[in-house]
Amino acid sequence: MIQEIHIGISYQEDIPQGFIDEFSATVSAPRLQLKIESRSRGFYASIEWALPTLVIAYLAKPYFEGFLQEAGKDHYQALKKGILQLARRLHGKHPERRDRKRSLLFSTIVSLQDGRSLKFIFPEGVSLEKYEIAVDSMYSLLSEHFQMHPSDSITEIAVKLSSPSRSLYFEFDPEQEIWTLLDPLLEAQKEHAK
């Protein structure tokens, strides 16, 4: 029998193994199904923020629908700690000195109740405290989504897309400290207009 995956980590092969081992040790728990796989470096033709980041954390529906209900918020604290450790390792001691707006180092992808995927695009050039706020805000949105769908904020925000899509993209606004919708069509039009 195939076990349902709760959390997956996909990382580019040139990421130090110690970063991934530390994350794995931090989030490990009894009955947690964690899948970790490396991938070769690739070249992609796409909008930069839609590309795979160096490290991607996948949070599957069974994590929210089963495992987290059993383990409670204690495991969320371990997950948050693991994500922040990864951010610290990937972005260095002074992440606020990075000049890129959107991170190509780390992102989170979640399977939503309606079958779509949602990619959370983290910022760069902000403090680790802002990353912590971003992770807490992401968790709040996802908890609400899995408890209240279809009357949740993610579903209501997704309605604002200019055209239907199987993939959603949210980016964290560090000034307002909220996740906002990135509309691929509108973003492509902005890029084309430059």
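In the predicted model, F172 has W179 of β7 as its bridge partner. Strand β6 (residues 167–173) pairs with β7 in the antiparallel sense, over five bridges; strands are DSSP runs of E of at least two residues, helices are runs of H or I of at least four residues, and both are numbered from the N terminus. Two strands are taken to pair if DSSP finds at least two bridges between them. The loop between β6 and β7 holds E177, whose phi is near 60°, a positive value in a residue other than glycine. With a relative accessible area of 33%, E177 is partly exposed, where buried means under 20%, exposed over 50% and partly exposed in between (1.4 Å probe, protein chains only).

Residue S137 of helix α4 touches F172, E177 and W179, residues up to four places away in sequence not being counted. Contact here means heavy atoms within 4.5 Å. S137 counts as buried because its relative accessibility is 19%.

The model is a predicted one, in which local features require pLDDT of at least 70 and side-chain atom pairs count only at pLDDT 80 or more, whereas totals for chains, interfaces and linings use all residues. Residues are numbered from 1 along each chain as its sequence is written, and side-chain values use heavy atoms, with hydrogens and water left out.

The protein chain contains six helices and seven strands, which follow one another from the N terminus as β-α-β-β-α-α-β-β-α-α-β-β-α. The seven strands form an open sheet with mixed pairing, in the order β2-β1-β3-β4-β5-β6-β7. Strands β2 (34–39) and β7 (178–182) stand at the edges with a single partner strand each, so one side of each is left without a neighbour in the sheet. From one strand to the next, the twist averages 25°; axes are lines fitted to C-alpha atoms, for helices over the stretch in contact, and angles run from 0 to 180 degrees between N-to-C directions.

Strand β1 is largely enclosed by the rest of the structure, because six of its six residues are buried. Both of its faces are covered, with I7, I9 and Y11 buried on one side and G8, S10 and Q12 buried on the other. On the β2 side, β1 and β2 run parallel and are joined by six bridges, and G8 stands opposite K35. With β3, β1 pairs in the antiparallel sense over five bridges, and S10 stands opposite I56 of β3.

Helix α3 (residues 73–91) lies across β1 (7–12), β3 (55–59), β4 (102–111) and β5 (117–123), and runs at about 155° to β4. In helix α2 (residues 61–71), the buried residues include P62, Y63, F64, F67 and L68. Their cover includes β1, β3, α3, β4 and α4 (128–148). Just after α2, G72 takes a positive phi of about 75°.

Two further backbone features lie in loops. Most residues other than glycine have a negative phi, and most peptide bonds are trans. In the loop between α1 and β2, R31 has a positive phi near 70°; R31 counts as exposed because its relative accessibility is 60%. The peptide bond from H149 to P150 is cis, with omega near 10°, and P150 is found in the loop between α4 and α5 (153–158).

For the chain as a whole, the radius of gyration is 16 Å, which agrees with the value near 16 Å for a compact globule of 194 residues; the radius is taken over C-alpha atoms, and the globule rule is 2.2 Å times the number of residues to the power 0.38. Along the principal axes, the C-alpha atoms fill a box of roughly 50 × 40 × 35 Å. Of the 194 residues, 45% count as buried. Residues 24 or more positions apart account for 69% of the contacts with a separation of 6 or more.
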